[in-house]
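Trainee: Could we go through this one together before I write up my notes? I'd like to take the chains in turn and then look at how they meet.

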Amino acid sequence: MEAFGLLLHGFAVLLTWKTLLLMMVGLVLGIFVGVLPGLGGPNGVAILLPLTFTMDPTSAIVMLSCIYWGALFGGAITSILFNIPGEAWSVATTFDGYPMAQQGRAAEALTAAFTSSFIGSLVAVLLITFLAPMISSFALKFGPPEFFAVYLLTFCSFVGLGREAKHKTVISMSLGLLLAGVGMDTVSGQLRMTFGSAELLRGINFLVAVIGLFGISEILLTMEERLALRGHAAGISLRVVLSVWKDLPKYWVTLLRSSVIGCWLGITPGGAIAASFMGYNLAKRFAKDQESFGKGRIEGVFAPETAAHASGTSALLPMLALGIPGSGTAAILLGGLMVWGLNPGPLLFVEHKDFVWGLIASMYLGNVVGLVLVLTTVPIFASILRVPFAAVAPMIVVSCAIGAYAIQNAMFDIWLMLGFGVVGYVFKKIGIPLAPFTLALVLGSRAEDAFRLSMIGSGGDMKVFWSNGLVGTITTLAIVLLFWPVIDRAFAGVARLVRPAKA
Amino acid sequence: MSNTELEIVVDDPTAPEENSPAVVATGVVDVVASLLLLALAAVLGWDNWRTGASWDSTGPQPGYFPFYLSVILGAASLYGLGAAFVSRREAAETFVTRAQLRRVMAVFVPTFLFCLATQYLGLYVASFLLIAGFMRLVGKIALWKSLLTAFVFTAAMFVTFDVAFDVIMPKGPLEAALGR
């Protein structure tokens with residue numbers, strides 16, 4: 001119950017007019033970037049990050065996380081009204097959401113989407129409230145070998161469980177780790193991979209790379225597509241909201257199942273995309289009349305939205321408790337923590353209680369405020385899409401440049417951002433995933449430090465990673481996950497050999 | 001509830017044509033990217049080897065960790081190169097069509113010029129030029145609308161960052177003349 005008291009304290013920190021105002025601003029900006037084509041969660045957070053540089057960390061994280069919630073809500077608006085998923089995890093929402101809008105039930109579908117996002121996030125936040133302090137106090141006992149093992153586990157699970165071609169994930173990850181090492185070596189103070197350039201001395205800033213990779217490249221990609229759209233505008237009346245909410249208890253199984261799937265896939269780096277599809281498919285499989293899915297069934301909106309938001313939110317759990325982000329957006333928030341001078345990881349819960357509990361409380365509050373805000377303002381946001389992209393694109397470019405420059409006051413960073421924009425564009429088109437790159441870039445130097453400290457501690461003996469039960473289990477698990485596709489196939493092969501024998 | 005129903009229609013007159021010829025195939029880009037990554041891995045690996053990639057009395061030398069990462073990157077790129085040559089089917093897919101490339105360039109070139117202008121004229125002047133120019137020339141939006149939008153956005157950015165939040169942006173001759 002200690003967590004509960006601390007949470008109340010967190011609410012006390014938050015309930016000031018200034019914070020509530022920041023929350024509203026963050027949510028509005030977030031919905032804005034969520035609705036605009038070619039922008040979404042990670043991009044929005046990356047571009048708007050510089051706004052927060054001069055704030056105190058608590059206000060900054062409140063605003064940023066609200067931008068994130070807003071972007072998640074905004075994605076649902078375009079999926080349902082225009083059949084344009086703002087994000088990959090909104091794709092499953094279009095299956096039933098758009099048909100509902102076509103049948104004139106847009107308001108119902110939107111209410112369902114917002115409500116289920118709210119429920120999904122709420123379940124995940126509850127999980128964070130009670131699990132994160134436990135995990136972090138457990139992780140306080142970790143030494144460098146344990147930390148390296150956990151980092152290894154994160155990297156390996158990306159390679160082993162990711163859907164992309166394995167070698168492309170490896171390329172993306174090793175490139176990120178390498179670029180993280182550019183500049184001054186933190187252990188010996190020696191320069192690495194700078195090739196005599198004074199600009200590279202500072203290293204390659206994570207946020208500059210992210211702004212280029214997600215912001216600039218996304219604009220280039222968006223321009224390739226036909227930007228015409230046709231859809232419905234809808235206002236939501238209180239009557240519709242209440243009638244949807246009245247039916248809510250009927251769907252508790254779907255909501256619960258999707259929440260659990262979402263939380264699980266959010267903590268492990270499976271991600272919101274997988275979660276939303278899995279939520280949808282399972283709801284369909286367990287339904288009595290599977291035929292009606294895809295033709296405008298409200299459960300088809302509930303299931304993926306709940307799962308996507310539960311996953312997007314619970315991705316923050318490993319970030320808070322261990323300093324390991326569970327998603328691209330969580331990685332950017334982590335980069336933000338470092339800019340504000342906070343060291344992510346288990347010590348955060350001890351050293352910056354106000355900050356952590358303020359953040360967790362802001363997740364509750366942000367979701368409630370966000371739900372009310374989106375339900376009342378949908379028509380306004382839907383009409384943002386009328387603004388021509390030719391006006392939006394240059395503004396996004398300018399915001400990206402401001403963001404990139406503000407981090408270290410370096411003109412070189414603007415050029416670096418442009419370079420990463422091109423790299424991101426090419427990588428996305430040839431199927432090299434960007435999430436492992438982002439993760440590696442933000443964790444790189446800490447993973448290396450952990451490795452070298454454990455090596456120094458053990459005198460260069462690799463056996464340190466199996467020196468006790470805990471670290472040994474994590475390391476072994478990491479290696480199992482790395483080779484998971486091979487192991488999985490081997491098991492399937494064995495099963496196939498055994499089964500005919502039985503039959 | 002259909003009394004609030006209302007169609008939203010947005011057209012895209014300059015959309016890339018569907019039947020535009022391909023400029024380059026995905027397979028080719030894949031191979032080129034793999035080669036570039038391989039070269040990068042070689043350069044970084046060599047640099048780290050020079051820094052010291054072995055062990056000394058205090059543990060691994062500074063170049064140890066990145067050196068082996070370059071080896072991994074090189075190996076994965078080599079594998080990618082091989083895979084690109086083996087899978088012919090995927091290789092034939094279009095990476096970008098001519099019409100698409102024209103649109104992408106219509107964003108990339110102004111962005112590049114904007115970065116260049118930022119270096120010499122300061123960010124705010126460059127941003128005014130980018131927004132007004134882009135809206136007018138690429139978006140074919142009325143001149144007064146373009147100029148007004150550019151001015152309002154740039155001024156809003158200036159007030160937000162320079163005045164309210166004290167985030168200092170690169171400045172040029174115009175700001176100097178105005179005494180900021």
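Trainee: To start with confidence, what pLDDT does chain A average, and what share of its residues score at least 70?

Mentor: Chain A averages a pLDDT of 81, and 94% of the residues score at least 70, where pLDDT is the predictor's confidence in each residue, from 0 to 100. This is a predicted model, so local features need pLDDT of at least 70 and side-chain atom pairs count only at pLDDT 80 or more, while totals for chains, interfaces and linings use all residues. Residues are numbered from 1 along each chain as its sequence is written, and chains are lettered from A and ligands numbered from 1 in the order in which they are written.

Trainee: Where in chain A is confidence lowest, and where is it highest?

Mentor: Confidence in chain A is lowest in strand β3 (residues 229–233), at a mean of 67, and highest in helix α19 (residues 411–430), at 90. Helices (H or I, at least four residues) and strands (E, at least two) are DSSP runs, numbered from the N terminus.

Trainee: How many helices and strands does chain A come to?

Mentor: Chain A comes to 22 helices and three strands. Its radius of gyration is 23 Å, close to the 23 Å that the globule rule gives for 503 residues, so chain A is as compact as a globular protein of that length. The radius of gyration is taken over C-alpha atoms, and the globule rule is 2.2 Å times the number of residues to the power 0.38. Along the principal axes, the C-alpha atoms of chain A fill a box of roughly 70 × 70 × 50 Å.

Trainee: What share of chain A counts as buried?

Mentor: Of the 503 residues of chain A, 61% count as buried. A residue is buried if 20 or more other C-beta atoms lie within 10 Å of its own, exposed if 12 or fewer, and partly exposed in between, with C-beta atoms placed from the backbone.

Trainee: And for chain B, what are the corresponding figures for burial and for helices and strands?

Mentor: In chain B, 29% of the 180 residues count as buried, and there are seven helices and five strands, which follow the pattern β-β-α-β-β-α-α-β-α-α-α-α along the sequence.

Trainee: Into which domains is chain B divided?

Mentor: Chain B is divided into domain 1 (24–95) and domain 2 (97–178), with bounds that come from an automatic or database domain assignment. The centres of domain 1 and domain 2 of chain B, taken over C-alpha atoms, are separated by 37 Å.

Trainee: Now the interface: how many residues does each chain give to the contact?

Mentor: Chain B gives 71 residues and chain A gives 68 residues, and two residues are in contact if their C-beta atoms, placed from the backbone, lie within 7 Å. On the side of chain B that touches chain A, the largest share, 12 residues, comes from α4(B).

Trainee: What does that side of chain B have by class?

Mentor: The side of chain B that touches chain A has 45 nonpolar, 18 polar and eight charged residues. Ala, Val, Leu, Ile, Met, Phe, Trp, Tyr, Cys and Pro count as nonpolar, Asp, Glu, Lys and Arg as charged, and the others, Gly among them, as polar.

Trainee: What covers the buried residues of α5(B)?

Mentor: The cover includes α18 of chain A together with α4, α6 and α7 (173–178) of chain B. Among the buried residues of α5(B) are Leu123(B), Phe128(B), Ile131(B) and Met135(B).

Trainee: Is α18(A) enclosed or open, and why?

Mentor: Helix α18(A) is largely enclosed by the rest of the structure, because 18 of its 20 residues are buried. Helix α18 (residues 389–408) of chain A reaches 30 Å from its first C-alpha to its last, close to the 28 Å expected at 1.5 Å a residue; the expected span is 1.5 Å times one less than the number of residues.

Trainee: What follows α18(A)?

Mentor: Asn409(A) follows α18(A), in the loop between α18 and α19 of chain A, and it has a positive phi of about 50° although it is not a glycine. Asn409(A) is exposed, with 11 other C-beta atoms within 10 Å.

Trainee: And which residue with a positive phi follows α5(B)?

Mentor: That is Lys140(B), whose phi is near 55°; Lys140(B) is found in the loop between α5 and α6 of chain B and is exposed, with 12 other C-beta atoms within 10 Å.
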